[in-house]
Amino acid sequence: MKKIINDPKNYIKEMLEGIYIAHPDKVAYVNDDLQCLINVHNKEGKVGIATGGGSGHLPLFLGYVGDGMLDGCCVGDVFQSPSAEQMLAVTKHIDQGAGVLYIYGNYNGDIFNFDMAAEMADFEYDIRVETVLGADDVASAGPKKEGDKSTRRGVAGIVFVYKCAGAAANRMMTLDEVKRIAEKASHNVRTMGVALTPCVVPRVGKAGFEIGLDEMEIGMGIHGETGIRRGKIESADQIIDEMLDKIVADLPYAEGDEVAVLVNGLGATPLDEQYIAVRRIQENLTSKGIKVHRYYVGEFATALEMAGLSISLLELDEELKELLDDPADTPFFKQ
């Protein structure tokens, strides 16, 4: 294992200390718990938005706490959920009298702890909490049937949900309206990834899985979950076309649609390669008659030092487009 760290047991603590040192004008922590982040700027009467999940995915989750996006976040150890008590502490702080919306990925541990925190917030402090799950990974399961809960994983597309819901809350919309916007954005976003290498959890000290030097895996999750196929590495254009064909067919997106595109590096993919992907995405979507309103390119939801990338498409209407274009200012996202 080659990492620029000290004691692996202090990995999360020292990472968080660095973030608070670098961004004191944007984030702080509550209850003397470094893992409970909050926006230093409160806005009375505004719906509070909170998220959370395991560490190891920077800038997800805590990187989006700031003006115009999220108000609070709890992180657990690497790839581990935060506790219900931590979520409750953040919920109490970010409630400004208009209720709180939880937005987080569709993972069982997170669901259990967030639901418990919401129940405690209601019972102990009379804080209304609503929830919207990110479940955008088309490789992890088929589309949900009417009335059923999605079994898809939440991955990088959740950033679009943060952005649109955060803008709605910043416009002082009600909790019901902010939830409606978040649900629309979550419904309209689809993601697929490709992985080239494993990652190493610091406490474990070895790769979480093996993949050949000449192999790739289409559809792998951000914790190393199994994808839809493994094979020899292909050209960038071939990889992008395969991923986009599955994404576009899933909503389905159609000729005349307008989308936002997020190209997300998984931790060890150079920007050079991400922009090669952008070139092919533009060619592919243009050939399908799909217009791109805005690109976001970089690292938005990583898996430590995993090499690979994901593509997220958000289908836009005028409402979502306006909210997406609103300004935001967080430690890892500025617009």
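**Exercise 1. Determine how far the sulfur of Cys199 lies from the closest cysteine sulfur, and whether Cys199 is buried or exposed.**

Solution. The cysteine sulfur closest to that of Cys199 belongs to Cys73, at 19 Å, which is too far for a bond. The criterion applied is that a disulfide is a pair of cysteine sulfur atoms within 2.5 Å. Cys199 has a relative accessibility of 5% and counts as buried (buried means under 20% relative accessible area, exposed over 50%, and partly exposed in between, with a 1.4 Å probe and protein chains only).

The model is predicted: local features need pLDDT of at least 70, side-chain atom pairs count only at pLDDT 80 or more, and totals for chains, interfaces and linings use all residues. Residues are numbered from 1 along each chain as its sequence is written, and side-chain values use heavy atoms, with hydrogens and water left out.

**Exercise 2. Describe the lining of the largest pocket by position, element and class.**

Solution. First, the volume is about 830 Å³. On a 1 Å grid over the protein atoms alone, a pocket is an open set of points with protein on both sides within 12 Å along at least five of seven lines, whereas a cavity is a set where a 1.4 Å probe fits but cannot get out; lining residues have an atom within 4 Å of a point. Grid points are joined across faces, edges and corners, and a volume is the space filled by probe spheres set on the points.

Next, 26 residues line this pocket, and those closest to its centre are Leu133, Ala135, Lys144, Lys149 and Ser150. At least two lining residues come from each of helix 3 (108–125), strand 6 (129–134), helix 5 (175–188) and strand 7 (189–195); helices (H or I, at least four residues) and strands (E, at least two) are DSSP runs numbered from the N terminus. Helix 5 contributes the most, four residues.

Finally, the lining of the largest pocket comprises nine nonpolar, seven polar and ten charged residues. In this scheme Ala, Val, Leu, Ile, Met, Phe, Trp, Tyr, Cys and Pro are nonpolar, Asp, Glu, Lys and Arg are charged, and the others, Gly among them, are polar.

**Exercise 3. Locate the largest cavity and explain why it is placed relative to the two domains as it is.**

Solution. Two cavities of 30 Å³ or more are found in the whole structure. The largest holds about 80 Å³ of space. Among its 13 lining residues, the closest to the centre are Val155, Gly193, Met220, Ile222 and Ser310. Strand 7 supplies the largest share of this lining, three residues. Because domain 1 (11–188) and domain 2 (190–321) both give residues to the lining, the largest cavity lies between them; the domain bounds come from an automatic or database domain assignment.
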